[in-house]
Amino acid sequence: MKQRFEAWQVNDEQLSFASVESVAEQRAKGLIGPDAKLLYVIEADTWEEACAIHYLRAGFGPYKPE
């Protein structure tokens, strides 16, 4: 079953990438403010798959799990 992950531009220097549940928690805590911009949504089977796609879209190069 695919999960949904979102990438948010929080400010000029900070990018947040997380599951929709985690994004909701971060927004409730004020860590992602109302002025944050949703950059893109990724649907993937696993966190690792989502990170691999996110790293390429964000221009970070290949994702290498630790």
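Predicted model: local features only at pLDDT ≥ 70, side-chain atom pairs only at ≥ 80, totals over all residues.

Biologist: Fine. Is Asp45 buried, exposed or partly exposed?

Modeller: Asp45 has a relative accessible area of 39%, so it is partly exposed.

Biologist: Which residue forms a salt bridge with Asp45?

Modeller: Lys2, with the closest N and O atoms 3.8 Å apart. The pair links distant parts of the chain, 43 residues apart: Lys2 is in the segment before S1, and Asp45 is in the loop between S3 and H2. Lys2 is partly exposed because its relative accessibility is 46%.

Biologist: How many salt bridges does the count come to?

Modeller: The count comes to 2 salt bridges. Arg4 and Glu6 also meet in one through their side chains, at 3.4 Å from N to O.

Biologist: Changing topic to H2. How many residues does it have, and how far does it reach?

Modeller: H2 has 12 residues and reaches 16 Å from its first C-alpha to its last. That is close to the 16 Å expected at 1.5 Å a residue.

Biologist: Which residues of H2 are buried?

Modeller: Ala50, Cys51 and His54. They cover an arc of only 100 degrees around the axis, so they sit on the same side of H2.

Biologist: What covers them?

Modeller: The cover includes three strands: S1 (3-9), S2 (15-19) and S3 (37-44).

Biologist: What follows H2?

Modeller: Gly59, which has a positive phi near 80 degrees. Phe60 is also in the segment after H2 (47-58). At 48% relative accessibility, Phe60 counts as partly exposed.

Biologist: Which nonpolar patch on the surface is Phe60 in?

Modeller: Phe60 forms a patch with Leu15 and Leu39, and together they have about 250 Å² of accessible area.

Biologist: Last one, Gln26. Where is it found, and is it buried or exposed?

Modeller: Gln26 is in helix H1, residues 20-28. Its relative accessible area is 18%, so Gln26 is buried.

Biologist: What is Gln26 in contact with, leaving aside its neighbours within four places in sequence?

Modeller: With those left aside, Gln26 is in contact with Ser16, Ala18, Leu31 and Ile32.

How values were computed. Residues numbered from 1 in each chain as written. Heavy atoms only, no water. Helix = DSSP H or I, 4+ residues; strand = E, 2+ residues; numbered from the N terminus. Buried < 20%, exposed > 50% of the residue type's maximum accessible area, 1.4 Å probe, protein only. Contact = heavy atoms within 4.5 Å. Patch = residues over 30% accessible without salt bridge, like charges linked within 9 Å, V, L, I, M, F, W, Y side chains within 5 Å. Areas by Shrake-Rupley, 256 points an atom, 1.4 Å probe, with all protein chains shown as cover. Salt bridge = Lys/Arg side-chain N within 4 Å of Asp/Glu carboxyl O. Expected span 1.5 Å × (residues − 1). Arc of directions from axis to C-beta.
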